[in-house]
Amino acid sequence: MGRSASQDVMITLVVSAMLIWLLPLMISTYTLTVLVIYGMLGLSLGLIWGFGGILCFGQAAFFGLGAYTYAIAAINIGESTLPMILAVLVPAVFAALLGAMMFYGRLTDVYLGVITLVVTLILFKFVNSTAGPQYVIGNARLGGFNGIPGFQTLNVPGDPGAYIWGDPYFYVCAIALVIVFLLVTWLLRSSFGRIAVGIRENEVRMGLMGYDVAARKTVLFAIGAAIAGLAGALFANWGEIVTPNLFSLGQSAEIIIWCIVGGLGTRFGPIVGAAGLAYLKFMLGQQSMIDNTLVMGLILVLFVLFLPRGLVPAVASLLNSIFGRTKRKPRPRRMRRARHG
Amino acid sequence: MDLSFVILVEVLYGVASLVLISAGLAVVFGMMKVINLAHGEFMMMGGYATITAVGLGVNVFVAMLVIAPLVVGLIGLIVERLVIRHLYGRLVDTMLATWGLSLVFIGLATMIFGNTTTGISTPIPGFAVGGYQVNGYNFFIIIVTIVLVIAMFAVLRGTRAGLIARGTMQRSDMAAALGYSPDRIYMMTFFCGSALSGLAGAVLAPLVGLVPTSGGAYIAKAFITVIAGGPSLIAGLVSSATSFGLVSQFFTFAISPVIGEVALLIAAVVLLRTMPQGITGRFFKGKL
């Protein structure tokens, strides 16, 4: 079974503290912030897909919903604490309703994928068409294709004048990611997480053992949406504008690619995949020889064909096979796999 | 009277375009159980093939009805040999791989044709009905669709090739035992499905401004139409396209085109929730 819970927490804290200290020396914090946010978004899908077996094609919907909720609430309230909380709650409630509709209807794989895809499209089309002045929530105009600019960005709770931006904002995002990561770890160690994995493996059996499969899937789905919503709110703060592109299919596709490349069924994989591929995309964006989308697509196809388990599990088993024979313990963090998976 | 005629044409056109968009996917997904998320990009390539051929001086109808399906069918053949044949039976993996392919095609089209809107003008002029102007090209689409559905039915029902294809999809081991190579039959079926997608993209090309990302506009509609249709290929296609077409055109006329699109998607969610087996899973059972 490996390490105990407290060891797990300690390792996470030490590694993340080192990364938070070291990475800004190599990459600018402005770029790093968005990598951290994407990491959180990747983690949200990694949780529900890798551990719950729910393939959601519309994780971007919750991401966008979080961002829009934050922007609209921030304009109306003029302070950032309550909007942050709302940005987590609104996607969670939305996902709970959507999930309840799907899971109590016993919809699985393909139908689940199509419905989440369609819901994302509905949101995208709707928000895109709200350019007119009649689409107003409180003081906030939805702005259609142009999005919503100029909202109150993150401030110290209780003091709307004290903005958090630049380097401090990176630390806020990074610490938020660490906290979310620890919460996910805790969730997966709890009986809820183990039962979720059980449902992924064999839904009928878990149902026959007396667990309410639909309710548990709905809750897990909502938790994933809450994390995605938080990532969305942080993204809105980073970009200082929210646009309908947050809901787009391309965004949803990217989240899925991150999870596949990083490795499903691990907590660390989706974060690595998200940050790594987002950075790759950032680098590719600086040249015009090869189209960005082409590279992303090729990566996805090649991974599905040749490395369907993803990078983190593959590296882990590779290192295990190299170091396993000499009885040396592999370096802990790079290859840590979910022990419940 | 004039208005009701115009509305009738519009509704028929709405249904026909849904059938057209979904036909290729109905073959690939409905028969072969391959979730082809690159379907929209196949249509996009059909459109580009048409425009390129017309630019080279080919007659527009030849370009649409012959060249585009052949080109896209060949691309489909290559894709099937390189990627998809390794993934038969792995539903989620095919879905992801074809999504990757769709991104590759978008990237390639962007590199070749540039990220600009291109298009050709509609080859058939409009005409007036009373006080209304009707787009003559809509009739062409309706007729192409009717011919297509009849042809698909005839091939699948009437010919030996259709029989072999249907049999292989049901029991590939039995087909192999009878001396047919399932590998080749899968390959040919995928070719036909891709060619149908290319045809649809080509026929719809004059109506839309074509950009490399145009495929995204079709993929969701095609999927919900095929999945809502259920197990019977043609009956499902026609029945679900009719119901979605009616809903979307009704809301388009009553409120606005955007609401029409949204209504279509909401109708799809409701339909899938109430009838997860699709329309033909409940009605028209056992028909083709």
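Trainee: How many residues of chain B are in contact with chain A, and with how many residues there?
Mentor: Keeping in mind that this is a predicted model, 34 residues of chain B are in contact with 32 residues of chain A.

Trainee: Which helices of chain B supply at least two residues each to the side that touches chain A?
Mentor: Those are helix 4 (91–113), helix 9 (215–229) and helix 11 (257–274) of chain B. Helix 4 of chain B gives the most to that side, with 16 residues.

Trainee: And what does the side of chain B that touches chain A have by class?
Mentor: On the side of chain B that touches chain A there are 25 nonpolar residues, along with six polar and three charged ones.

Trainee: Let's stay with chain B. In what order do its elements run from the N terminus on?
Mentor: Chain B has 12 helices and two strands, and from the N terminus on they run α-α-α-α-β-β-α-α-α-α-α-α-α-α. The radius of gyration of chain B is 19 Å, close to the 19 Å that the globule rule gives for 288 residues, so chain B is as compact as a globular protein of that length.

Trainee: What share of chain B is buried?
Mentor: Buried residues make up 49% of its 288 residues. If you look at the contacts in chain B with a separation of 6 or more, 76% of them are accounted for by residues 24 or more positions apart.

Trainee: I keep looking at helix 5 of chain B. What span does it reach from its first C-alpha to its last?
Mentor: Helix 5 of chain B, residues 136–158, has 23 residues and reaches 33 Å, which is close to the 33 Å expected at 1.5 Å a residue. Asn138(B), Ile141(B), Thr145(B) and Met152(B) are buried in this helix, and its buried residues pack against helix 1 (2–31), helix 8 (182–204) and helix 10 (233–254) of chain B.

Trainee: Why does Leu148(B) count as partly exposed rather than buried?
Mentor: Leu148(B), which also lies in helix 5 of chain B, has 18 other C-beta atoms within 10 Å, and a residue needs 20 or more to be buried, so it falls into the class in between. Leu148(B) is also 128 residues from Leu20(B) in sequence, yet their C-alpha atoms are 8.3 Å apart in space.

Trainee: Now chain A. What does its secondary structure come to?
Mentor: It comes to 13 helices and four strands. The radius of gyration of chain A is 20 Å, close to the 20 Å from the globule rule for 341 residues, so chain A is as compact as a globular protein of that length. Its C-alpha trace spans about 65 × 50 × 45 Å along the principal axes, and buried residues make up 46% of the chain.

Trainee: At what angle do helix 3 and helix 10 of chain A cross?
Mentor: The axes of helix 3 (residues 59–77) and helix 10 (residues 249–262) of chain A cross at roughly 115° and come within 8 Å, and the crossing is right-handed.

Trainee: Which residues meet there?
Mentor: From helix 3 of chain A, Gln59(A), Ala60(A) and Phe63(A) meet Gln251(A), Ser252(A) and Ile255(A) of helix 10 of chain A. By class, that contact has three nonpolar, three polar and no charged residues.

Note on methods: Residues are numbered from 1 along each chain as its sequence is written. Chains are lettered from A and ligands numbered from 1 in the order in which they are written. This is a predicted model: local features need pLDDT of at least 70, side-chain atom pairs count only at pLDDT 80 or more; totals for chains, interfaces and linings use all residues. Two residues are in contact if their C-beta atoms, placed from the backbone, lie within 7 Å. Ala, Val, Leu, Ile, Met, Phe, Trp, Tyr, Cys and Pro count as nonpolar, Asp, Glu, Lys and Arg as charged, and the others, Gly among them, as polar. The expected span of a helix is 1.5 Å times one less than its number of residues. A residue is buried if 20 or more other C-beta atoms lie within 10 Å of its own, exposed if 12 or fewer, and partly exposed in between; C-beta atoms are placed from the backbone. The radius of gyration is taken over C-alpha atoms; the globule rule is 2.2 Å times the number of residues to the power 0.38. Axes are lines fitted to C-alpha atoms, for helices over the stretch in contact, and angles run from 0 to 180 degrees between N-to-C directions. A crossing is left-handed if the near helix is turned anticlockwise from the far one by less than a right angle, and right-handed if clockwise.
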